[in-house]
Amino acid sequence: DATTPDGLDRVEQQIEVKSAVQVIVRLEFLTVREARISHEQQEKDATDHANEGLQLYEQGRYSDAKPLLEAACDRGNMTSCNYLGMLYGYGAGIFQNYARASVLYRKACDGRQMYACTNIGWLYQSGHGVPRDYTQALSLFHKACDGGDIAG
């Protein structure tokens, strides 16, 4: 077990010692550190894309916002998934596609984005992009409400 002095990276290596002779072990932290740094950079990029995409969305520049929201959503930013779902759901700057909106809302709702739970609830209530299902809609509205979205 070894940890870097800054405490940010850790590596484990099992070694079988078969004699009482001195054993020298070399642990490589580089791949561990590179993976962590790469992951941190991806998270930062997703946040940057999300922030820029949300600004463009708020300005009504929907077609400019779409690729940024897609990139951020693909990297796990659930707010971006919800807003991308709204672009598809409203047909804002792109062709309206309720089925695609429902997939994005579901992803964001499962990712604890409560506004998305409300949004997909509305789709179930209206039967847009998903089969009309009042029980499912009610369940999603409850989830959203319990999670802090007053619209739910």
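Tutor: Leaving aside residues up to four places away in sequence, Asn-82 touches Tyr-105, Ala-108, Gln-113, Tyr-115, Ala-116 and Asn-119. Bear in mind throughout that this is a predicted model.

Student: Where does Asn-82 sit, and is Asn-82 buried or exposed?

Tutor: Asn-82 belongs to helix H3, which covers residues 78-90. Its relative accessible area is 3%, and because buried means under 20%, Asn-82 is classed as buried.

Student: How should I read the packing of H3 and H4, and at what angle do they pack?

Tutor: Read the angle together with the axis separation, and then look at the handedness and the residues in contact. For H3 and H4 the angle is about 160 degrees and the axes are 8 Å apart. H3 is therefore roughly antiparallel to H4, since angles over 145 degrees count as roughly antiparallel. The crossing of H3 past H4 is left-handed. On the H3 side the contact is made by Met-78, Cys-81, Asn-82, Leu-84, Gly-85, Met-86, Tyr-88 and Gly-89, and on the H4 side by Tyr-98, Arg-100, Ala-101, Leu-104, Tyr-105, Lys-107 and Ala-108. These residues of the H3 and H4 contact comprise 10 nonpolar, three polar and two charged.

Student: What angle do H4 and H5 make, and how far apart are their axes?

Tutor: Helix H4 (residues 98-110) and helix H5 (residues 114-126) pack at about 145 degrees, and their axes are 8 Å apart. Their crossing is left-handed. H4 contributes Tyr-98, Ala-101, Ser-102, Tyr-105, Arg-106, Ala-108 and Cys-109 to the contact, while H5 contributes Met-114, Ala-116, Cys-117, Asn-119, Ile-120, Leu-123 and Tyr-124. The contact of H4 with H5 has 11 nonpolar residues, two polar and one charged.

Student: Which residue in the loop between H4 and H5 deserves attention?

Tutor: Most residues other than glycine have a negative phi. Arg-112, which lies in the loop between H4 and H5, has a positive phi of about 70 degrees although it is not a glycine. Arg-112 counts as exposed, at 70% relative accessibility.

Student: How do H5 and helix H6 cross?

Tutor: The axes of H5 and helix H6 (residues 134-146) come within 8 Å and cross at roughly 165 degrees. That angle makes H5 roughly antiparallel to H6, and H5 passes H6 in a left-handed crossing. Among the residues making this contact are Trp-122 and Tyr-124 of H5 together with Leu-140 and Phe-141 of H6.

Student: Turning to the cysteines, how many disulfides does a search of the whole structure find?

Tutor: The search finds two disulfides. Cys-73 and Cys-81 form a disulfide with their sulfur atoms 2.0 Å apart, and with 100 degrees about the S-S bond this link of Cys-73 and Cys-81 is right-handed. Both partners are buried, Cys-73 at a relative accessible area of 2% and Cys-81 at 0%.

Student: Which cysteine is joined to Cys-109, and what is the pattern along the chain?

Tutor: Cys-109 is joined to Cys-117, with an S to S separation of 2.0 Å. The torsion about the S-S bond of Cys-109 and Cys-117 is about 100 degrees, so that disulfide is right-handed. Cys-109 and Cys-117 are buried. When the bonded cysteines are counted along the chain, the disulfides follow the pattern 1-2, 3-4.

Student: How accessible is Cys-145?

Tutor: Cys-145 counts as partly exposed, at 43% relative accessibility.

Methods. Residues are numbered from 1 along each chain as its sequence is written. This is a predicted model: local features need pLDDT of at least 70, side-chain atom pairs count only at pLDDT 80 or more; totals for chains, interfaces and linings use all residues. Side-chain values use heavy atoms; hydrogens and water are left out. Axes are lines fitted to C-alpha atoms, for helices over the stretch in contact, and angles run from 0 to 180 degrees between N-to-C directions. Helices (H or I, at least four residues) and strands (E, at least two) are DSSP runs, numbered from the N terminus. A crossing is left-handed if the near helix is turned anticlockwise from the far one by less than a right angle, and right-handed if clockwise. Contact means heavy atoms within 4.5 Å. Ala, Val, Leu, Ile, Met, Phe, Trp, Tyr, Cys and Pro count as nonpolar, Asp, Glu, Lys and Arg as charged, and the others, Gly among them, as polar. Angles under 35 degrees count as roughly parallel, over 145 as roughly antiparallel, 65 to 115 as roughly perpendicular and the rest as oblique. A disulfide is a pair of cysteine sulfur atoms within 2.5 Å. Buried means under 20% relative accessible area, exposed over 50%, partly exposed in between (1.4 Å probe, protein chains only).
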